[in-house]
Amino acid sequence: MEYSSTLEQEKENQQLGEAVQPWQEETAASPQDLGPESSGPWEAEWTPDPGPLPRSSLAQTLESGGRVAEQAASSSPTSPQRPLPALARQDIGAPRQLNGVTRGTLDAGTPLSDPPGESADARVSAPPSQSRQDTTPPTQQPNSSSNPSNPKELRPGSVQEEDWSSRQNRAQSGPRASEAAPSTLEIAVQNAKVYLLRDSSKTGLNLYDHLSNMLTKILDERPENAVDILENISQDVKMAHFSKKLDTLQNENEMLPTYEIAERQKALFLQGHLEGADQEMEDEIAENSLPNIMESTFYFEQAGVGLGTDETYRIFLALKQLTDTHPVQRCRFWGKILGLEVNYLVAEVDLREGEDEEEVEEEDVAEAEERDTGDSEADKDEEGELPKPFYKPPQAIPKEESRTGANKYVYFVCNEPGRPWVKLPSVTPAQIVTARKIKKFFTGQLDAPIISYPPFPGNESNYLRAQIARISAGTHVSPLGFYQFGEEEGEEEEEVDSGRDSCEENPDFEGIQVLDLVESLSNWVHHVQHILPQGRCTWFNPIPRNEEEEEDEEEKGEEPDYIEQEVGPPLLTPISEDLEIQNIPAWTTRLSSSLIPQYATAVLQSNVWPGAYAFSTGKKFENFYIGWGHKYSVDNYTPPVLPPVYQEYPSGSETTEMDDPSVEEEQAFRAAQEAAELAAEDNEETGEDEDDDDN
Amino acid sequence: MDSESLLLSLELAAGSGQGLSPERRAALLTSLQLVKRDYRYDRVLFWGRILGIVADYYIAQGLSEDQLAPRKTLYSLNCMEWSLLPPATEEMAAQMAVVKGRFMGDPSHEYEHTEFQKMPAEGEKTFEDDVVVQVKEETRLVSVIDQIDKAVAVIPRGALFKTPFGPVHVNRTFEGLSLSEARKLSSYFHFRDPVGLKNKTLLEKADLDPSLDFLDSLEHDIPKGSWSVQMERGNSLVVLRSLLWPGLTFFHTPRTRNHGYIYVGTGEKNMDLPFML
């Protein structure tokens, strides 16, 4: 049905087209200027003809440069023989060509032709906005350049336009008169034409030229039943097309990012071969340091968490690269933090002795800075006797030593497996404290600034490190009994501080039944130290130093701080004691498979840090985080309250002044002075002093 | 994501950590076929899952021939037995506005919400009454899915086209976005009835192709920056992540027909977005 209707239309079109020809020639002088585009290929055909066609030359020159020339060359075998017929043919051919165009567009859309006027327009019209931007120079040039110079050239094209549009209305919208404003139709036609004129990226041909070439061929050769062998004609035309391979000035050196990353990742896969020599050495190190990611990935996959197999394997290789190039004692794939532009893969690493020389330097620098600031303050002291600000920033809480507390591990991040690993700086308590108050997306650039209301001390790498510390402290859990307190160490710690801050693997750990792990949260314990509100794992008392240096006044202000020592849950506390968030339990446990429970693993999922998971098969366990790096809260984020406004100095005797001395007082004073004239000149001085005081 | 190419799609969307366990995957592959047969859908999409505290909801959607027609939504707790959800209404959305927090994972769970309602009474007095509003979780599920669909369901430009009769069909000739287009938000559309299109000026409309550009594009989403566009695996995969509804991942391999979206999340809208950018 549909098909037949289109066929009818086509026939109608043809008939009409032929019928219209004379009229078209009469009205050829219409002022519209859409033409040259459409007449382009036609002119191209007869360009090379030497003499007889003077009016052609101007227009084409600007029009389409090399491409047209090529075409001209290719079609020249037919044209030079009959220059005059070519002229004639141009007029005859134009409508035909247009028929071809319409047919082409009609066929391009689906051949449904029912709601006639609009739908036809819709189908024909408007290649996408981008395509319009892409419009190739040859199609734009004629509009701009050739129009004003030789108006005669415009005729055929403009005729075609009008002709075509009117025919469209007649043929397709049938009885319904077209209300479509001519301007939209024109635009639609133009868009359609631009679409047809778009060069193919492979062959450089475009459909418009191809159709016109085909029609030329058909008209030249006049085969019987042309419609039946249309496909063959099309093929012939394509094969007869001659295209010159022009040398471009530069070699196209396409460096897609795809290739770049592939090149980098190739290095990952090849690294095994390169270091074949010291295989034994490698074995020693690698066995200890490189985690078996694939194994834990398998278990996480059972739980429905993970990155996909090939991605994980690349990360595995990247970790191998990390352990080969750094003095790593123990390594773990911490997880993935999503960013806006790129993501972070995070590796948790325990470096061997002889690590961080850089950090020492950093500290030196920091100290030097402190000294500098101290000096400058001293300078100010000398300069003036105006009161100095009393406000002192609260005692900076020092960061924990590397290998202890929140800095127990070193973290390396990279954006994609294959890219270099970057070591994150160690975290300071101030950063953790601030990070608790803000909620920002990671951008993926480590040096991006963090713009937030409590100013964040550092850039994104510090924020990332702080979030990692918080997430680790909150969500790294192990089955009860896997870790135990090291006895010797533990005792020492106990003396020093209330909580022990390290634990070691229990060699006698015998595993816990998976079902027990699922049923009871108390079978899971934290094995990473809790981070105090202060931002450290171990309590640092900021007061004692103050006491030595400062006087009583200071102490009063900070007394409350001094009294309460912040204590958190000690190490190896069961997670059943974790705080709930508004009736939502902190953890959810599941069995990875409900159908085959005997081989299932226990899956633990944090509700406080969405994206943090842990699994345990009873003996093995692993923690993993993937997500945006934000804590969950039922309520929306609210920016922290502004700090209290400092009260002004209370008005008292020190700030209020007496009235100026009145005349009487001065006179009385003078009288008294005169009375005391007997006394020596000392008195005068004291008198002056008193005056001063009064003022 | 299409139920037919579920495995490939899952692999592609895995970058966000949103996978399915092998058990669930196998179950889905089986049961979605049956859903398609029993409910006579033209296409079945695996929509995603909403994480509850006790259990997760697995959501599938059935599409009829017209891709933009109202979709039927089904949910399941075990990926095998699917139940049809009622269509979402405005009223539900209004009710849901008061409920916050995580889903429980039990469709019959009732959220209780006490509301202070001012009851007009005789004279000028008004009583303040505590009215306990009870909302079933199933209703909330319907409303949340509907909201997510309306806000962040995505298709690439050109994957659907509008037929002259009006219905919207899958475009067979769609060959994927080109690399340069894939980076732009303007080449992705909302997979729902257009809302903002009518408000466009004539000038903006002039460039549109009526058969392709009949949907709202993502680039005008409010607030600006509610999408994160990433090229992963060295440009061979575009991943769009919604920041407004964290958990929605859209993926598309440029120059292929592979595209789809999946939601794995708690079903809560991220109202903190402006603070976080």
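Visitor: Why is Arg40(B) called exposed?

Guide: Arg40(B) has a relative accessible area of 73%. Exposed means over 50%, buried means under 20%, and partly exposed lies in between (1.4 Å probe, protein chains only). Arg40(B) is therefore exposed. The model is a predicted one, in which local features need pLDDT of at least 70, side-chain atom pairs count only at pLDDT 80 or more, and totals for chains, interfaces and linings use all residues. Residues are numbered from 1 along each chain as its sequence is written, chains are lettered from A and ligands numbered from 1 in the order in which they are written, and side-chain values use heavy atoms, with hydrogens and water left out.

Visitor: Where is the place of Arg40(B) in chain B?

Guide: Arg40(B) sits in the loop between α2 (22-39) and β1 (43-50) of chain B. Helices (H or I, at least four residues) and strands (E, at least two) are DSSP runs, numbered from the N terminus. The phi of Arg40(B) is near 55 degrees, a positive value in a residue other than glycine. Most residues other than glycine have a negative phi.

Visitor: What makes Arg241(B) count as buried?

Guide: The relative accessibility of Arg241(B) is 2%, so Arg241(B) counts as buried. Arg241(B) lies in strand β12 (residues 237-242) of chain B. Contact means heavy atoms within 4.5 Å, and, leaving out residues up to four places away in sequence, Arg241(B) touches residues including Leu338(A), Asn343(A) and Trp628(A), as well as Glu232(B).

Visitor: How many residues does each chain bring to the contact between chain A and chain B?

Guide: Chain A brings 60 residues and chain B brings 56 residues. The two chains bury about 4500 Å² between them, 51% of it on carbon and sulfur atoms. Buried area is the accessible area (1.4 Å probe) that two parts lose on being put together, summed over both.

Visitor: What makes the salt bridge of Asp149(B) and Arg71(B) a tie between parts apart in sequence?

Guide: The closest N and O atoms of Asp149(B) and Arg71(B) are 3.7 Å apart. Asp149(B) belongs to helix α4 (residues 137-152) of chain B and Arg71(B) to the loop between β2 (57-63) and β3 (72-76), so the pair ties together parts that are 78 residues apart in sequence. Both Asp149(B) and Arg71(B) are buried.

Visitor: Where do Asp146(B) and Lys150(B) lie?

Guide: Both lie in helix α4 of chain B, four residues apart, about one turn of the helix. Asp146(B) and Lys150(B) form a salt bridge, with the closest N and O atoms 3.3 Å apart.

Visitor: How do you know that Asp146(B) is partly exposed?

Guide: The relative accessible area of Asp146(B) is 26%, so Asp146(B) is partly exposed. Lys150(B), with 45%, is therefore partly exposed as well.

Methods:
A salt bridge is a side-chain nitrogen of Lys or Arg within 4 Å of a carboxyl oxygen of Asp or Glu.
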